[in-house]
Amino acid sequence: MKRPGLATHPVRGAVIVAAIAVFYALILPFVSDTVAGGTKLEPGVPFPVSAGLEMVPQPGWELESKSEILTTLSRDGASLVVLPPAPGEDLEKAIETTVDGFENDPRNDWQVGRPEPFTTSAGDQGRTVVAYGTTEVQQTWLISHGGSTASIFGSSPDSGWSSLSPDMDEMVASVVFMTED
Amino acid sequence: MAERHQSFVQPRSPVFWVFIFLTVYGLIRIAPFLFRDLSAFPLSTLFAATLWGAYAAALGLILYQTELFERRSPVTILGAFLWGSLVVSGIGVTASPAMATLVESVIPPQYADWVSAIAAPLTEEPLKMLGVIALAMIPGAHIRTTLDGLFYGLIVGLGFGVTESFLYTTSAVASQGGSMSVVLAVFVLRGFIGGLWNHPTFSAISGAGVGYFVESDRTLTRRSIVAGASLVVAMVLHGLFNSPLLSGLGVVGAIIKGVPALVMLIFVFRLARQNERSRFEHIAAEDIDHDLITDDERESLLYTRTRREERRRVRRSTGRAAAKRLRRTQMAQIDLVETAIDHGVGSDAYRAAARVVRESKTG
């Protein structure tokens, strides 16, 4: 008895391994970009994301849908849902309500992080909290400006979280409240 | 047991160089995330690296205990780990989200919850299985049996799971201002609630399929069907774990969803081990001279436990030196059977291995 192994033709084997890797590394992302259903957004160019709010998209993000109630941006299975500013400026209370929502969510057992403050590029104060599930991450950002608060909800499969989370933070930090003159 | 096998480091093998190229490519893809987190939150990132490193080492050591007759090369094991941690993770950085976009574009919006359950297995499982296939194509890696494939599948999955979880942890740290408590929370969530039977389990099943393909003497069609089916099973189990099913039960739901994969792994593992024992016993009984391996010795060699018990018995009755000599003899006998399987009885390698057994028996 003699075990043959899988090394019947090493060059052919190397080509097969390389071809499968190339398919996943290059061809699949190319096809994905081609068939993506949303409207392409111009990276770096401010975009009116809802009434009274502008946001600077990061590369690869698309406009999935837009209505008076909410705007959804998406990329690679992740989404960022932006609600128009609503009256209210107590960020601490609002973020605690968000935390309670995660902790009492009957559909998932989230590990909820500590609410963190942040400041947008325009100087507006905000609070954010992240909830980690076994296969999904959700994050909420609240930004306060002149007596109103904008809410932004992000969600991502865990596999894309590492690469997409910085994009989401950048886009949220770029939010500007448009004043009506 | 026998001498350890040579490693997968085979400069003459084109597959080895593809393996190295893809590992470097994966490192280049992963490096920006590592540097980003390390420069922004060095302490938390190092803490996360320490925790996940210890986790990988501990689980790796447990998996190493599954060795029955083979003496696997630590370098090859490291190579399998690097395939999971760098190649699968590095390619996955773009491939997983791209697959998610594709899946999203074809499934109805009301099933958006299922995107991760469909997309992640379609990307990650074939890439993990590819690592075992690549190793099986490199003669020095010595993947010859179902159990070999299962073992290296476990290691590839462990490498991927640990790296994915480490990156997930550091991203969580970054979004929490460097909080150490987040590191612990995510470590528990991904390492214990959803980690123990997650990626290593799925790729162990597909790896066993690769091992079967190599080992079996059935028709190419049948071996291909079994290997393909093992990949499908791994993908389905992965999809079940990622699915929104039972998500209302929280942690309990995640644990329940992992049970089918664990049961399947135990089933395949027992089958592969039994198969390996039967093959060993058959060769030792039919092809090996009885002066080299007697019937009693053969029975004792079949289990790690019985080999150890035999050495204990000899140590008590004859002393430590005799027990050490017995250990050398057992290693030489196992090596002899493995050599008979790999090179055939009558080969030069077999004659050399038989000489070692005789020398060890005569002291």
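I began with the contact (heavy atoms within 4.5 Å) between the two chains of this predicted model, and it takes 68 residues from chain B and 49 residues from chain A. Residues are numbered from 1 along each chain as its sequence is written, and chains are lettered from A in the order in which they are written. Because this is a predicted model, I kept in mind that local features need pLDDT of at least 70 and side-chain atom pairs pLDDT 80 or more, while totals for chains, interfaces and linings use all residues, and that side-chain values use heavy atoms, without hydrogens and water.

Next I looked up the buried area (accessible area, 1.4 Å probe, lost on putting two parts together, summed over both): about 5000 Å² between chain B and chain A, with 66% from carbon and sulfur atoms. On the side of chain B, B:Met137, B:Tyr168 and B:Gln176 lose the most area to chain A, together 13% of what that side buries.

Helix H3 (residues 74–106) of chain B gives the largest share of the side that touches chain A, 14 residues.

Last, I turned to helix H5 (residues 146–175) and helix H9 (residues 251–286) of chain B, whose axes come within 8 Å and cross at roughly 140°.

Key
Helix = DSSP H or I, 4+ residues; strand = E, 2+ residues; numbered from the N terminus. Axes fitted to C-alpha atoms, helices over the stretch in contact; angles between N-to-C directions.
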